Protein chains: 2
Amino acid sequence: MVCRLRKLARPRGVSDAGETRVGYQGEPGAFSEEAVLALFPEAEPVPHPGFQPIFDDVEAGHLRYGVVPVENAQAGSINEAYDLLGRGRVSIVGEVMVQVDHALLALPGTTLDDVRQVSSHPQALAQCEEFLAGLGVEVVAVYDTAGAAKRIADGRRAGEAAVAAPRAAEIYGLAVLARGIQTHPDNQTRFVAISADPEPLGPEERTSILLGVRNEPGALYRALGHLAGRNLNLSKLESRPDGRVPWRYRFYLDVDAGLHDGALAAALEALRAEVEFLTVLGSYPRWRPQGVA
Amino acid sequence: MVCRLRKLARPRGVSDAGETRVGYQGEPGAFSEEAVLALFPEAEPVPHPGFQPIFDDVEAGHLRYGVVPVENAQAGSINEAYDLLGRGRVSIVGEVMVQVDHALLALPGTTLDDVRQVSSHPQALAQCEEFLAGLGVEVVAVYDTAGAAKRIADGRRAGEAAVAAPRAAEIYGLAVLARGIQTHPDNQTRFVAISADPEPLGPEERTSILLGVRNEPGALYRALGHLAGRNLNLSKLESRPDGRVPWRYRFYLDVDAGLHDGALAAALEALRAEVEFLTVLGSYPRWRPQGVA
C-alpha cells in the first residue's frame, strides 16, 4: 500500500534519489499526507500509527521531518500534538493549512440507501455530524480517516461507508457517495512541520513558545503584558494541563514575529526573568497558499 | 439495563417519588453516572447517547439537570462540552470532581494472556496508553467506556476486554482483570451540572464566563487586566475557535468569585464596555469532597 501511495503522491519525474522522508499519522490518503505534500512536494511521506511514533522517529534522527496537525478551525486544538511539542525535543520549522473536505466512501455499486454503518476518526465524524444525523446510520469511531476507507476496501465490507478524503477513494478503489459533507464548508486544519534541527523552512515570521507561570493571581496577565506592551500580536493562546500537578496549566503562545525580531527578543528576556519556565518551540515562516519553500 | 442500574445506584430507602431526573452521557456504569450521583445522591441518572441530547433535553425542560465532563486533569478540556455551553441556553449550577480509576474488564474466566483486543472511549485509551502498550493488543475506539463493557457482556465476546470503571463490571457481570491502569494515578475529571434555571446548587463561589475580544493586538491582555487589577483569580482560561470565522477565538474563563461579589460585578461592567460579547455561563459553589448540597 505504501508503494502504491508513493506512486500516486509523488510528482512525476521525481526520482528516489535524495528524497526527504517525512512522517505523518495515518494511512496513505490521510489529510496529514496532503499536508506533507503541500509543504514538501518532493518528499516521501512515511505513514505512522500515531503522533508519538512520529516524534520518536524525528527525535532519534530516523526521519528528517514530521508533520502533525495542531488545530482545526472548527474543532480546536489537538491536545496530544501540543503535549508532544511540550517535551521540547524537536523544533517547529514550518506550518501549513489544509482544507479538509470530507467525502463518504464505500465499495463501488453502493448507494446512499445501502449504507447501514459509517466509520471514521471521531473528529471527522464530529465535523460531519449534521450529514450523518440525516442518514440515520450507525456511526463507529476508528483511529483514522484513510484507515476507515482501507478497512472497507480490504474487507470488501458491503453496506459500510467511511468518512475520508476523496483521494482515499482513488487509493483504495472505493466510490465517492457524497462530497463536502462537513457541516462547516470552510473546514481548515493547521499542521506544523517538526525537526530535530531547528533550521526553519524559510524566513522566521512566527514564533511558538511554551510558558509556565507562577500559580498566583494575575501571573498570566503580567506575562502577556510583556508582549502587549511591545505591540506583538498573539495569533494563538492555548492552556493545557501541566501534566504533573492536577489543575495547573502551561500556556502555548504563537507570536506574529520572528525570534530575532528586536521586540520579541526583548519580550522573551523580560519573560524569562519572571515566569517559571519558557521554551521556544520554534520560529518559522507563516503559511501562504503558494508554499513557503 | 437502566432498571438494574437504578437499583444498584440509588441509596437504599429512597423512593421513586420526587426523584430528580439528571441526564449523563454514556451507558449505566459510566464515570459520568458517578458524577451525577456525587452531586445528586437521590437522583435518577438518565443515560444519553451524547452531550448534545443532554443539552437539548435540559433546554427543552425534559430534564431538570444534566451533568457533563468539561475537563480532565491530564488530557485537558472537552471541546464539545465547551461549545455546547457556549450556546448560552443553560446555566452552570454546580461542579464536581471525580477520580477516574480505569479497570480492564472481560468475561469471567478470562486471563490477561487471553486478551487480544481492548476497546474503550479514545480518551480512556489515551489515559491507559502505557498499560495497553505493555499488553501488545489491538486497541479499538468506541463511543463510551461503559458501552464497551456492555458490548462485551451482551455479545459474550471472548478474548476482548474493555477499559471502564470497576462499577461497570458489577453492572454487566464482568471480571476485573486489572485496576488503576491509567498512567497518572491522580486522574481526575471535572464535571459541571447544567440547568435551564440559573439557580445554583449552593452559594455562588466560582463564575464561568465566555468572552469574545476584538481582533487586535493586546485585546485579551486588556480584558484580563479588568480581573487582575481587582485581584480576582482565574482558575481556568481556555481558548476555543469562534465557530463562525476560522482562526478567531472566544475565551472561557473561570473566576474564583461569586457573581454578586463587588469586585467581580465591577470587572464585568468594565469588560462589557470593551469586549465584543460577554456571556455569564453560571455562578455556583466550588466542589468540596463532602458535597455541596
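Residues are numbered from 1 along each chain as its sequence is written, and chains are lettered from A in the order in which they are written. Because this is a predicted model, local features need pLDDT of at least 70, side-chain atom pairs count only at pLDDT 80 or more, and totals for chains, interfaces and linings use all residues, while side-chain values use heavy atoms, without hydrogens and water.

Let's start in chain B. Ser195(B) sits in strand β11, residues 188–195; helices (H or I, at least four residues) and strands (E, at least two) are DSSP runs numbered from the N terminus. Is Ser195(B) buried or exposed? Ser195(B) counts as buried, because its relative accessibility is 4%. Buried means under 20% relative accessible area, exposed over 50%, and partly exposed in between, with a 1.4 Å probe and protein chains only.

Who are its neighbours? Leaving out residues up to four places away in sequence, Ser195(B) touches Val58(B), Arg64(B), Tyr65(B), Val90(B), Ser91(B) and Val93(B), where contact means heavy atoms within 4.5 Å. For Arg64(B), the backbone oxygen is 3.1 Å from a polar atom of the Ser195(B) side chain.

Now for the helices, over in chain A. The axes of α9 (residues 219–228) and α10 (residues 262–272) of chain A come within 8 Å and cross at roughly 160°. Axes here are lines fitted to C-alpha atoms, for helices over the stretch in contact, with angles from 0 to 180 degrees between N-to-C directions. So α9(A) is roughly antiparallel to α10(A), a label for angles over 145 degrees.

Which residues meet there? From α9(A) come Ala223(A), His226(A) and Leu227(A), and from α10(A) come Leu264(A), Ala267(A), Ala270(A) and Leu271(A). By class, this contact of α9(A) with α10(A) has six nonpolar, one polar and no charged residues. Ala, Val, Leu, Ile, Met, Phe, Trp, Tyr, Cys and Pro count as nonpolar, Asp, Glu, Lys and Arg as charged, and the others, Gly among them, as polar.

Last stop: backbone angles. Most residues other than glycine have a negative phi. Arg156(A) is not a glycine, yet has a positive phi of about 45°. Arg156(A) lies in the loop between α7 (145–155) and β9 (160–164) of chain A, and is exposed, with a relative accessible area of 57%.

In chain B, Asn231(B) also has a positive phi, about 60°. Asn231(B) is in the loop between α9 (219–228) and β13 (234–241) of chain B, and is exposed at 62%.

Conventions. Polar contact = N/O pair within 3.5 Å; in protein donor to acceptor, adjacent residues only side chain to side chain. Parallel < 35°, antiparallel > 145°, perpendicular 65-115°, else oblique.
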